[in-house]
Each structure stands twice: as C-alpha cells, then as structure tokens.
Amino acid sequence: MKYQCGIFDLDGVLVDTAKYHYLGWKKLADRLGFSFTEQQNEALKGISRMAALDLLLKMGDMNEKFSEEEKEELAAEKNQYYLDFVSQLKEEELLPGVTELFERMKQANIKIALGSASKNARLILERLHIKDYFDFIVDGTLVKKAKPDPEVFTLSADRLGIPYEKCVVFEDSAAGIQAAKTAGMTAVGIGTRKNLPMADYICSNVGEFTWQ
Ligand code: B16
Ligand code: MG
C-alpha cells in the first residue's frame with residue numbers, strides 16, 4: 001500500500017457545511033447591500049474567516065469602509081449566522097461514502113487526519129458523531145498560516161510521523177488543493193475539474209474514491 005494517511009478537509013468534503021458558509025456570507029452581503037453569488041463564493045472556500053471577509057468586502061467594493069474592530073464584528077456576525085444554520089445540522093448531512101471510507105481505512109491501518117481551516121470544526125465532528133475516527137485533528141484554532149499555506153496538512157503528517165508523499169489530501173477548495181501540492185502530497189479534488197484544475201484526481205464525493 002503506497003499511502004499511509006488520508007487528510008480530510010471538513011467543509012464541502014465530509015459534510016456540506018460549505019453551503020452554510022455561503023449562506024452566512026450572503027446574509028451579511030445582503031445586509032450590507034450588495035449581491036454575492038455561489039460562483040463568487042468559490043474564492044472564499046477553504047480560506048480563514050478574516051481572509052474570507054476581506055475578499056467579500058472587496059467584492060462589494062467596501063474593503064476600505066471598515067476599521068479592524070468593525071471587521072471583527074462583521075466576522076462575528078457571519079459566524080453567528082453560520083452557527084444558526086449548523087445548530088440544525090443532522091447526522092444525515094454527512095456526505096455519501098464518508099463512514100464507509102473511514103471503516104476501510106481503519107481496516108487497512110491507514111491514518112485519518114483532519115485538515116480544516118474552520119474554528120468550528122470540532123463542534124461539527126462531534127455533532128456528526130465521527131470525531132473518534134480521527135488520529136489527529138488540525139482545525140482553525142491550531143494553524144497560524146491559512147491555506148494555501150501547507151501548514152494545515154503538514155502538521156498532521158509531522159505529528160503522525162508520516163512522509164508527505166505518503167499522504168492523500170481530500171479537498172473541495174482551490175486554496176486547499178494548492179496547499180496539498182505545495183506540501184508534495186497527493187490531492188484528491190472533491191468537485192469539478194473546472195473549479196479544481198490543480199488536483200491529481202477528481203471525485204464528486206469521497207465515496208467514489210478507491211485506494212487503487
Ligand atoms: P470558520 P474547511 C473552511 O473550512 C471553509 O471552507 C471556509 O469557507 C471558512 O471560511 C473557513 O473554514 C473558516 O471557518 O469561520 O468556521 O472558522 O473547508 O477548511 O474545512
Ligand atoms: Mg472545504
């Protein structure tokens with residue numbers, strides 16, 4: 001077996017919380033008085049909360065308008081919208097094939113790690129009852145440098161003592177695919193080739209993936 005570890009992004013890979021991030025940002029944009037589409041949201045995927053806010057404000061031509069303190073408040077407002085959606089999250093929202101893939105990995109003795117930019121990641125894993133599958137969890141509270149910096153993935157590999165070339169990263173964001181490739185890991189894009197041109201492989205969900 002070539003690979004020893006799978007590192008999973010959370011939002012948009014294990015669970016469709018990516019749509020809740022979009023709806024949260026859209027609610028904020030609506031309140032500030034500008035439109036924000038799903039296609040524009042692609043650029044916000046995988047990056048940190050504050051970096052996403054900066055991009056959103058640029059899209060609305062409002063990046064110069066707010067002080068750092070006001071930006072913190074806007075980010076907290078979006079997070080509250082997001083948490084309102086997530087509080088309704090059900091176990092059924094786990095994306096197709098996740099538990100089956102984790103079970104196969106456990107049997108094959110392949111480590112399972114999380115590489116998420118989200119500060120809400122642990123809460124979501126608990127809500128979905130999948131936290132115990134993970135050998136190591138990296139979330140937005142642990143990393144200093146956000147994707148496309150590879151730290152979010154290399155931290156897991158380092159802690160688990162696994163060479164980067166023996167890791168497979170599962171990602172739905174362009175920033176995350178770039179991070180995996182920079183680290184020298186294999187990148188499986190969850191989504192479309194159009195949105196993730198740098199991925200080594202493309203699957204529409206993790207259930208489609210086979211280690212062969
Ligand atoms: P939070 P992932 C990322 O999670 C999301 O893709 C991205 O849209 C979000 O801005 C980021 O987490 C921060 O999330 O506001 O919950 O801390 O895809 O890396 O699992
Ligand atoms: Mg994601």
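This is a predicted model: local features need pLDDT of at least 70, side-chain atom pairs count only at pLDDT 80 or more; totals for chains, interfaces and linings use all residues.
Because Asp 30 and Lys 26 are four residues apart in helix α1, about one helical turn separates them.

Helix α1 also contains Ala 29. With a relative accessible area of 0%, Ala 29 is buried. The C-alpha atom of Ala 29 stands 34 Å from that of Gly 97, a residue 68 positions away along the chain.

Glu 77 counts as buried at 18% relative accessibility, whereas Arg 31 is partly exposed at 48%.

A further salt bridge joins Lys 71 to Asp 54, with the closest N and O atoms 3.0 Å apart. Lys 71 lies in helix α4 and Asp 54 in helix α3 (residues 49–59), so this contact ties together parts that are 17 residues apart in sequence. Lys 71 is buried, with a relative accessible area of 9%, while Asp 54 counts as partly exposed at 30%. Elsewhere, Asp 9, Lys 147 and Glu 171 are joined into one network by salt bridges that share partners.

The magnesium ion (ligand 2) is coordinated by Asp 9 (OD), Asp 11 (O) and Asp 172 (OD), at 2.0 to 2.2 Å. Along the chain, these donors follow the spacing D-x1-D-x160-D. Asp 11 is placed in the loop between β1 (5–8) and α1 (18–32), and Asp 172 in the loop between β4 (167–171) and α8 (174–183), so the pair ties together parts that are 161 residues apart in sequence. Asp 11 counts as buried at 12% relative accessibility, and Asp 172 counts as buried at 7%.

Glu 69, Glu 70, Glu 72 and Glu 73 form a negative surface patch. Within this group, Glu 69 is located in helix α4 (residues 68–86). At 61% relative accessibility, Glu 69 is counted as exposed.

Most peptide bonds are trans, and most residues other than glycine have a negative phi. Against that background, the peptide bond between Lys 147 and Pro 148 is cis, with omega about 15°. Pro 148 is situated in the loop between β3 (136–138) and α7 (151–160).

Asn 109 has a positive phi, near 60°, although it is not a glycine. Its position is in the loop between α5 (98–107) and β2 (111–115), and Asn 109 is exposed, with a relative accessible area of 62%. His 129 is another residue other than glycine with a positive phi, again near 60°. His 129 occurs in the loop between α6 (121–127) and β3, and its relative accessible area of 57% makes His 129 exposed.

Conventions: Residues are numbered from 1 along each chain as its sequence is written. Chains are lettered from A and ligands numbered from 1 in the order in which they are written. Side-chain values use heavy atoms; hydrogens and water are left out. Donors are N, O and S atoms within 2.8 Å of the metal (3.2 Å for Na, K and Ca); water is not among the atoms, so sites may look incomplete. Helices (H or I, at least four residues) and strands (E, at least two) are DSSP runs, numbered from the N terminus. Buried means under 20% relative accessible area, exposed over 50%, partly exposed in between (1.4 Å probe, protein chains only). Patches are made of residues with over 30% relative accessible area and no salt bridge: like charges are joined within 9 Å, nonpolar side chains (Val, Leu, Ile, Met, Phe, Trp, Tyr) within 5 Å. Accessible areas come from the Shrake-Rupley method with a 1.4 Å probe; for residues, only the protein chains shown count as cover. A salt bridge is a side-chain nitrogen of Lys or Arg within 4 Å of a carboxyl oxygen of Asp or Glu. Lys and Arg count as positive and Asp and Glu as negative; His and the chain ends are not counted. The place of a charge is taken as NZ of Lys, CZ of Arg, CG of Asp or CD of Glu.
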